[in-house]
Amino acid sequence: MNAPANIKAMRAMAQTGDMPPAAARPLEIAVVVLPGFSHLALHAYIEPFRIANAFSQLPLFRWKIGGIDSRAVSGANGLAISVDVTIDDLIAGNCGDLRLDLLAIVAGEAVEKQLTPQLNTFLRYVARRGVSISAIGTATWLLARTGLLADKRCTIHWSRLAAFSEVFRKPRIRDTLFVKDGQYSTCAGELAAFDLAVDLIGSQAGSFIAQEVCRHATVQGQRSGSNRQTGPSGLASSVTSLLWRRGAWKRTLRCPCPWARWRTSSAFPDGSSNACL
């Protein structure tokens, strides 16, 4: 159901000159979905914009669903979603009345295989144009593969933190809900996509509307992007996994160090280092 507009509140905002800057022209968003995407992340990201529009009775945000081609894209739960515009259309400018302000990408679990030459060209083209890019969930992996996240702070879903840290050296990964660094924003995905969307609503339409979106969605307040994710044990778990994946534990067991040295310089999962590694 649509959020009821608070007309009295909107009139008060107009009288105080606190009308949202987005009221002059909607922020236009293309949300590109890749096979196996999370419906939870997709709708957690889009629905706050719909609620903001309905509450304010203003077209603050407009969006279209994008795809690699014009075929419907199936999510991880097997449900398919139709595509409004292809990435080739976005490059050529053949996307109807959409003037692209923001590109959001929602990738699937098999993200390691999803960066095709076509998608790589598209992402780098959008970046060169200076369009803001948001990677939701595993889509951070795609941006890192293109090299666009070099020396950028970023995040990814906690289940991929260890693998990401192992594969990519230049991005500065964080165990947080979402990270904004210049032109790029990255998000842990799932319900953290809601937090990223509400943060965008706050910056574009004002904190009052952002708070009302949270209230309508029965969310108790707006979560900060710096909040840690709710994985089993966050980044500490990821670092432990990384050590095991690199075989550090086995190398430590084979090290002919005296037991006294072992106890003072071991490479155990608590994060301490070993001089023999």
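**Close-up views of a predicted model**

**View 1. Ile201 and its surroundings.** Once residues up to four places away in sequence are set aside, Ile201 touches Pro48, Phe49, Ala52 and Phe61, and also Gly206, Ile209, Ala210 and Val213. The model shown here and in the following views is a predicted one.

**View 2. Helix α8 and what covers it.** The buried residues of α8 are Ile209, Ala210, Glu212, Val213 and Cys214, and the elements that cover the buried residues of this helix include α2 and α7. After α8 comes Thr218, a residue whose phi is positive, near 55°.

**View 3. Strand β11 between its partners.** Strand β11, which spans residues 184-187, is covered on both faces, with Tyr184 and Thr186 buried on one side and Ser185 and Cys187 buried on the other. In a regular strand, side chains alternate between the two faces of the sheet. Strand β7 (residues 132-136) runs parallel to β11 and is joined to it by four bridges, and within this pairing Ser134 has Ser185 of β11 as its bridge partner. With β10, by contrast, β11 pairs in the antiparallel sense, again over four bridges.

**View 4. The hairpin of β10 and β11.** Two residues stand between the strands of this hairpin, where Gly182 takes a positive phi near 65°. Asp181, which belongs to strand β10 (residues 178-181), has Tyr184 as its bridge partner in β11.

**View 5. Asp181 as a buried residue.** The relative accessible area of Asp181 is 13%, and because this value falls under the 20% limit, the residue counts as buried. If its neighbours within four places in sequence are left aside, Asp181 is in contact with Asp151, Lys152, Arg153 and Arg172.

Technical notes
Residues are numbered from 1 along each chain as its sequence is written. This is a predicted model: local features need pLDDT of at least 70, side-chain atom pairs count only at pLDDT 80 or more; totals for chains, interfaces and linings use all residues. Side-chain values use heavy atoms; hydrogens and water are left out. Contact means heavy atoms within 4.5 Å. Buried means under 20% relative accessible area, exposed over 50%, partly exposed in between (1.4 Å probe, protein chains only). Two strands pair if DSSP finds at least two bridges between them.
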